[in-house]
Amino acid sequence: MFLEKILSQGKKEQSVIESINRHIRLLCTACETFSTALKNRDANLMRNIIELEREGDFVRRNIISDIYQGAFLPYLRPELCRFVEIVDRVFDLLEDTALQYLDTEIPEQVKDECARVSFLNVRICEMLLITFDAMVKGDDLREKTLAIRIYEKKIDDIKFDLIRDIRKLPITNFWEGKILADFVSGLTTISDIIEDASDHLQIINVSMRA
Amino acid sequence: MWKVLSGVFLGWSLGANDSANIFGTGVATGVVRYRTAIILTSVFLFIGAILEGPKCMKTVSEVSRLIPIEAFCCTLAAAITMTILTLIAVPASASQAIIGTVIGAGMLSGTADFSKLYKIISCWVFTPVSGIFFGYVLHRFSGYLLNKTVLNITHRNMLYFIGILVSGCYGAYSLGANNVANVTGVYVGSGILSAEAAALIGGLSIVSGVLTYSKKVMMTVGKGIVPLDPFSAFVVVLTGALTLHIFTQIGVPVSSSQAVVGAVVGVGIVGDLQTISPKMLMKIAGGWIMTPVSACIFTCLLVSVINF
């Protein structure tokens with residue numbers, strides 16, 4: 001077993017890294033799809049998010065399976081799995097938010113703000129991918145995690161304005177109001193989870209240093 | 001030749017207990033499988049015993065001039081003392097036990113040479129001190145080097161894995177080289193065995209302990225040690241191995257457990273951790289006194305009974 005590990009020269013680990021990279025790229029695609037669908041009011045495009053989430057689940061299962069088949073030291077395995085689970089939470093939230101969009105009509109008064117938040121979600125996802133690549137190379141992550149925190153702060157600022165604006169809207173039906181509130185909550189929470197994911201990358205980076 | 005059986009028993013218990021200091025953390029944390037660990041430990045421990053084991057035998061045999069039956073009593077008393085002290089959770093070192101027994105037998109026969117004890121006791125004291133020193137220096141130096149050169153996570157992962165394996169093999173080699181004298185050194189002094197034969201029999205007896213009864217202690221010790229990251233675990237095992245190997249060149253068998261304890265403290269100092277506790281120091285110091293004294297008393301009783 002240990003000879004196999006040495007002779008494989010890190011192929012299993014490389015495969016896991018590539019899979020996690022693919023997982024995050026898929027998330028970026030999902031966020032971009034969401035943003036485009038929201039901007040163009042394209043319900044069919046929004047439905048693609050469900051397929052992307054399913055694909056994300058498939059990739060996640062493969063990653064975890066590969067990790068526990070012997071990739072990386074046992075010390076690192078739970079941390080990598082935790083990171084993948086956090087990214088998966090973003091997928092789930094994005095899917096729920098997409099379904100809520102399909103289930104309700106977004107008022108004109110808040111459409112621009114929602115579009116702005118979804119655009120920033122795309123940027124923050126791309127930053128997470130850059131941070132992950134940097135973590136793999138062993139680079140300093142401080143600037144990248146700072147950038148993610150800046151994006152997250154921007155989204156938080158828009159979130160407060162959004163909440164203030166939707167409170168001014170007349171709601172005729174409890175469930176309409178609830179779905180709209182859940183949609184806004186989901187849209188603005190994506191960045192929080194991505195920030196958690198980037199913090200976790202920093203933990204992995206520090207734990208592997210001598 | 002039946003008199004070597006007590007030495008074989010001592011070697012078996014040494015192998016069962018001390019092999020945990022080598023791959024204990026690796027096995028408990030899943031880096032190395034238990035089967036791989038015991039095979040590597042056995043092979044390298046035996047090689048160490050054969051190649052450098054005779055170096056420490058002279059020291060053990062010079063403390064007192066023993067006759068064969070006294071050699072038998074010494075190793076039996078050491079084995080029983082270690083067992084009793086382990087049962088009452090006092091850290092017991094085979095090196096300290098065997099010296100205690102040899103002194104005891106020597107006192108009864110009037111052949112004990114107390115002047116040899118200065119060198120031996122100094123080495124006991126310097127074992128954890130060396131562990132602290134080398135642990136700190138190795139962690140600082142190699143950590144600096146690693147952070148400048150190997151940054152990629154997959155490369156570093158592979159390096160840590162190979163490092164833990166290689167340092168474990170070196171640790172096994174050093175354990176065999178240093179501690180085989182505890183097991184069969186007294187037979188060389190009493191003329192039953194040559195140094196080479198003693199190394200062979202001692203090495204095989206320690207290996208038998210590793211192969212048959214090391215799992216429980218390995219898991220207990222491995223999980224009980226302060227949770228170490230892979231790099232620190234590698235440094236601790238390497239430091240323990242280096243310390244043992246240095247004292248092998250000096251010619252004095254020392255405690256592998258205390259070398260590892262020192263290494264953990266040294267590594268902890270790098271991270272500013274409070275790993276030195278007065279309680280731990282008291283335990284080690286207590287072991288220095290209790291182990292040889294108990295072994296000495298027990299040997300005196302055993303030799304007296306046999307002579308009676």
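Q: In this predicted model, how many aromatic pairs are there over all chains?
A: Rings of Phe, Tyr and Trp, with the six-membered ring standing for Trp, pair if their centres lie within 6.5 Å. The model is predicted, and side-chain atom pairs count only at pLDDT 80 or more. Over all chains, the count of aromatic pairs is ten.

Q: Trp12(B) and Tyr213(B) form an aromatic pair; is it stacked, edge-to-face or tilted?
A: Planes under 30 degrees apart count as stacked and those over 60 as edge-to-face. Here the centres are 5.5 Å apart and the planes make 35°. The pair is therefore tilted.

Q: How many residues apart are Trp12(B) and Tyr213(B)?
A: Trp12(B) sits in helix H1 (residues 5-18) of chain B. Tyr213(B) belongs to helix H9 (residues 195-213) of chain B. The pair links distant parts of the chain, 201 residues apart.

Q: Is Trp12(B) buried, partly exposed or exposed?
A: Buried means under 20% relative accessible area, and exposed means over 50%. Trp12(B) has 29%, so this residue is partly exposed.

Q: Which helices does the pair of Tyr160(B) and Phe231(B) link?
A: The ring centres of Tyr160(B) and Phe231(B) are 6.1 Å apart with planes at 45°, so the pair is tilted. Its members lie 71 residues apart, in distant parts of the chain. Tyr160(B) is in helix H8 (residues 153-189) of chain B, and Phe231(B) is in helix H11 (residues 230-250) of chain B.

Q: Which residue lies over the face of Tyr34(B)?
A: A charge sits over a ring if NZ of Lys is within 6 Å of the ring centre and within 35 degrees of the ring normal. At 5.3 Å from the ring centre of Tyr34(B), the residue over its face is Lys215(B).

Key
Residues numbered from 1 in each chain as written. Chains lettered and ligands numbered in written order. Predicted model: local features only at pLDDT ≥ 70, side-chain atom pairs only at ≥ 80, totals over all residues. Heavy atoms only, no water. Helix = DSSP H or I, 4+ residues; strand = E, 2+ residues; numbered from the N terminus. Buried < 20%, exposed > 50% of the residue type's maximum accessible area, 1.4 Å probe, protein only.
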